[in-house]
Amino acid sequence: MSAEVLVVLLVVVGIIFLSILFTFVPVMLWISAMASGVYVGLTTLIGMRLRRIVPARIVNPLIKARKAGLDVNIVQLETHYLAGGNVDRVVDALIAAQRADIDLEFERAAAIDLAGRDVLEAVQMSVNPKVIETPVVSAVAKDGIEVKVIARVTVRANIDRLVGGAGEETIIARVGEGIVTTNGSANSHKEVLENPDMISNTVLSKGLDAGTAFEILSIDIADVDIGENIGARLQTDQAEADKRIAQAKAEERRAMAVAKEQEMRARVEEMRAKVVEAEAQVPLAMAEALRSGKLGVMDYYHLQNVMADTAMRKSISRSADGEEDEEN
């Protein structure tokens with residue numbers, strides 16, 4: 001009985017040992033690599049486990065690369081994996097580049113992948129160019145008419161400039177700048193409508209792909225529309241502004257004239273007050289002259305007669321003027 005228990009115990013221990021071995025050491029992956037003609041030692045696979053590397057993430061891309069005839073070793077793949085790169089995508093990009101006869105080394109592909117760009121998409125774009133459509137770009141010709149343009153830019157990835165090169169947003173911004181420059185320099189919007197290719201020629205001649213991760217192959221004008229008459233609207237706004245300024249100045253002059261009139265009226269009333277004040281001094285002066293003997297009684301009567309005669313003459317003159325006005 002004890003022998004049977006010992007046998008069962010050994011079997012259980014063996015099964016547990018094999019389970020741990022097959023779990024920690026990817027034997028099936030090792031067998032698959034050996035069957036594919038790629039030698040990967042068990043110690044190397046165990047070292048990957050110790051370095052917290054998923055062996056399948058390294059061995060499967062290595063098998064794929066060796067089958068494609070790429071000169072890639074396991075150390076390069078491990079280094080790229082530990083740096084945070086996507087090993088499988090890099091290997092796929094190298095295979096695609098080799099099939100397309102594009103000169104791409106592993107170090108370059110790894111650098112592009114670590115820079116955050118999709119290296120496989122870049123290789124595919126080098127083979128199959130991509131079309132970028134710009135939003136509606138509005139520009140005003142010299143005659144004041146707004147021209148709205150939509151362009152399609154055909155670009156191809158420039159693998160040598162993927163690291164540090166500008167992206168699609170820069171291409172769109174530069175093309176929009178070229179469209180605005182071309183339309184703004186046109187004497188009339190009719191020139192743009194008659195020759196839309198002048199936009200493409202101007203934009204291409206500026207070398208807009210400099211410093212970007214793309215190479216511009218062509219720029220095609222997809223749509224050209226006429227917008228508002230910006231020049232006429234600006235002139236109308238300017239005329240309205242000038243009118244308001246003139247009205248404000250006229251109102252200012254009117255206010256100054258009213259103020260001046262009020263000031264003159266105040267001065268007239270002031271002068272009248274002075275006249276009344278001076279007339280009030282005349283009787284006092286005459287009384288003083290009579291008391292001092294400088295003016296006699298006859299002289300006073302004579303003065304009164306003169307004043308009465310003057311008043312009569314004024315009355316007669318006013319009556320004659322009134323009758324003449326009625327006749328007229």
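I took buried to mean under 20% relative accessible area, exposed over 50%, and partly exposed in between, with a 1.4 Å probe and protein chains only.

I noted that this is a predicted model, in which local features need pLDDT of at least 70 and side-chain atom pairs count only at pLDDT 80 or more, while totals for chains, interfaces and linings use all residues. Residues are numbered from 1 along each chain as its sequence is written, and side-chain values use heavy atoms, with hydrogens and water left out.

**Entry 1: salt bridges.** I looked up salt bridges, each a side-chain nitrogen of Lys or Arg within 4 Å of a carboxyl oxygen of Asp or Glu. I found 13 of them in the structure.

Entry 2: I looked up Arg244, which is exposed at 55% relative accessible area. Its side chain forms a salt bridge with Glu240, at 3.5 Å from N to O. Glu240 is partly exposed at 31%. Both residues lie in helix α12 (residues 230–292), four residues apart, about one turn of the helix. I recorded that helices (H or I, at least four residues) and strands (E, at least two) are DSSP runs, numbered from the N terminus.

**Entry 3: Arg89 and Asp113.** I found these two in a salt bridge, with the closest N and O atoms 2.9 Å apart. Because Arg89 lies in helix α6 (residues 87–99) and Asp113 in helix α7 (residues 106–114), the pair ties together parts 24 residues apart in sequence. Arg89 is partly exposed at 29%, whereas Asp113 is buried at 7%.
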